[in-house]
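Please read these notes with the model open beside you.

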Amino acid sequence: MAPTKSNVLSKRHKPHEKFDKKRDTKKAKLAEKAVPTEEDLDSSEEEDTIEEEPEAVVYRKPTTYDNLLASLGSSNKAVADMNKRRQREEEGKSDTEGEEDEEEDDDSGSEDQISTDEENDEIQGDDQESLGGLTDNTEKENDDNHSKEEDSDDYETDEELDLNTNGQPLVDASSSTSAFSEHLSHTLSSEQVKTLPEGKWKFKWEAPAIDMPNCKWKGTRQNFFDGVQSDAPYDLKPKLFKHWLQLYQKSGGKDFDSSKRRRFFSICNSYLDILHSNKRPFYNKGREEDSSAMDAYLMHSLNHIFKTRDLVKKNESKIAKHRETSEQEILSDDGFLDQGFTRPKVLILLPMRSIAFRVVKRLIQLTPEAQRVKVEHLDRFNAEFGCEDESDDDDEKTSKNGKSTAHKSSKPSDWQALFGEKNSDDEFMLGIKHTRKSIRLYGDFYSSDMIIASPLKLHMAIGQAEENKERDVDYLSSIEVLVIDHADIISMQNWSFLTTVVDHINRLPSKQHGTNVMRIRPLYLDGQARFYRQSIILSSYLTPEMNGLFNRQCLNYKGKVKLACEYKGVLEKVLLPVRQIYERFDADSMTQADDARLEYFTKKIFPKIKDSFQGGVMIFIPSYFDFVRLRNYLKSQNASFCLLGDYTKNADISRAREWFFAGSRKIMLYTERAYFYRRYKIRGIKNLIFYSLPERKEFYPEIVNMLDEGSYDMMSTALFSRFDLLKMERIVGTASAKRMISSDKSIFAFC
């Protein structure tokens, strides 16, 4: 539960604590009236309610920030004078006075001030326990850790973030503005504010995806590949780049410039929304490509976090230097608008603890050694997220004599990599804070730079906040980089949890969390943060749900880039002489497709099954919704069937498998999610029906190869419509899928 007192302020501004208390007390009262409802936040017309006066040339309507300054000015003469001067400057009626002093480069800063800032930056509160009890740091531990850090040098900032009071980078003419500052300094036009919520995107250009045959990148707006920085350090902070390059060379890499990880980092650094739907995950023997993509988005996240901190530290140093000038007067300059409502800037959503373990371990490795002298609570993290063996180099355990000690199993290798002796728990959330010389795991969420969580855990936290007003998820209000990795596994959990979480990101906070309102970027105060958030979605395949999330809930003004691929199919992996029949049914829309599928099954497929005395019919169903509908239909027809579904108990599964093999039950319903988690092989299959094709292409040959070889006429039947193109092309191939969708014929056979 977050602190509720309006005078709980960030200790970074102790010299002006009295002013902050008075200002924030009034700010809290104003915020209670200004916070919109959920419906208002989701409405594309919300900006119309904010507009008071039309602007003729530039979109500069009165913002929440302007209104807040006016309100504060009514009771504070200094703020009122500052606000009037700010308005005169915007209108061009006066020159900026006194900026010469503020524009002095302040690289050296005040070592004592910055060290004190670092020490006081931690926000201690009782709210962490209510969110899962992740923090067990004592004040003594924090004081000891910070006292050690105070003896070291100040945190080094990069040249590209050496800002003057106007927020413009002081770099050589040959140097380009960093993508970080360019992205966040952009001002949206009124047309963008109006059209972005509509989620209508037109992909205008294509570019080949190097090292990914039969794939190409497609993007909106202009082709960013033409302007991507192609020289080291690729817009990375120099220390990050040097450390990353050393790790790459140490692992045996030779040409970093043309490596997959460097290329994908450049795509991430464009700050476009990204949909990468052809990532070979580690559990499918694609460890190299998986680690390349992971390296890229982790390095991009670190780069974003460190540049954010550089900007804040440099501005704080300037404020500390000009102590003779009132803070209100200093902060009247837009160059000091460098913060959001809360501190967390990066959110990484992952499906399982074991995967989070790999990501956090790699995050620690990618952090330069000087900035990870100490990793707090690492032992606790290893115990809660790790397992017996998590080597990135060895695929199996080996004993001292070199012999394999891995437990042999009938399960496929991908199942072994995900679930075999791994921590597959899907309820977790971890705050990570980077200080000058340490990484703090299990940090308070409001003082963390990055949050790594599962959709389930965040969905639970959102539900708790809705039921109990004392709780909140305001730590999601200022997320600027969202990463959804292994979206294919998340789709096997509960996709609605993910959409709920994404919908709650960048909402206006319900409480005040100690942020200096004078330094909040206007994009947050104007309710436009979602238009600046970069979303990166990575998956091994593409689904309509992923497309929907990418198009309708990822609204980055920079535009989008996604991967489009052509597939050869997996029919050649079917080892048995099976006649594979594909039957197409007509559907007018995606919403009508489910009803059309059930109607086709009841009229065309089920009569053949019902009249047959053979039995041994297995119906494979990807969707649990379809599973329930089909189960209810079979009950109404008094059919002889058994179930192997998502929530079937182990005892019932064993009984169902015995019944089906013995022939006492003619039909078995088997869901794709149940197969994903259990991988039970079914004996006695004589007739296989795919109610809909599986999302995971490797499941198709595995299921077909379960057919009883002793059957006289082995056959499988798959139902499809034109809305199943994505999964069809992964199984039969892109060319065949398109031909089957558009053909005048409706029945196709593969032998």
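1. Two strands are said to pair if DSSP finds at least two bridges between them. Strands (E, at least two residues) and helices (H or I, at least four residues) are DSSP runs, numbered from the N terminus.

2. This is a predicted model, in which local features need pLDDT of at least 70, side-chain atom pairs count only at pLDDT 80 or more, and totals for chains, interfaces and linings use all residues. Residues are numbered from 1 along each chain as its sequence is written, and side-chain values use heavy atoms, with hydrogens and water left out.

3. Strand β6 covers residues 429-434 and pairs with strand β7 (residues 438-441) in the antiparallel sense, over three bridges. Ile432 stands opposite Leu441 in β7. Three residues lie between β6 and β7, and the two strands form a hairpin.

4. β6 is also joined to strand β8 (residues 450-453), again antiparallel, by four bridges. Here Gly431 is opposite Ile451.

5. In a regular strand the side chains alternate between the two faces of the sheet. Are the faces of β6 covered or open? Both are covered: Met429, Gly431 and Lys433 are buried on one side, and Leu430, Ile432 and His434 on the other. Buried means under 20% relative accessible area, with exposed over 50% and partly exposed in between (1.4 Å probe, protein chains only).

6. Helix α12 (residues 238-250) has 13 residues and should span 18 Å at 1.5 Å a residue, which agrees with the 18 Å between its end C-alpha atoms. The expected span is 1.5 Å times one less than the number of residues.

7. The buried residues of α12 include Leu240, Phe241, His243, Trp244 and Tyr248. After α12 comes Gly252, with a positive phi near 105°.
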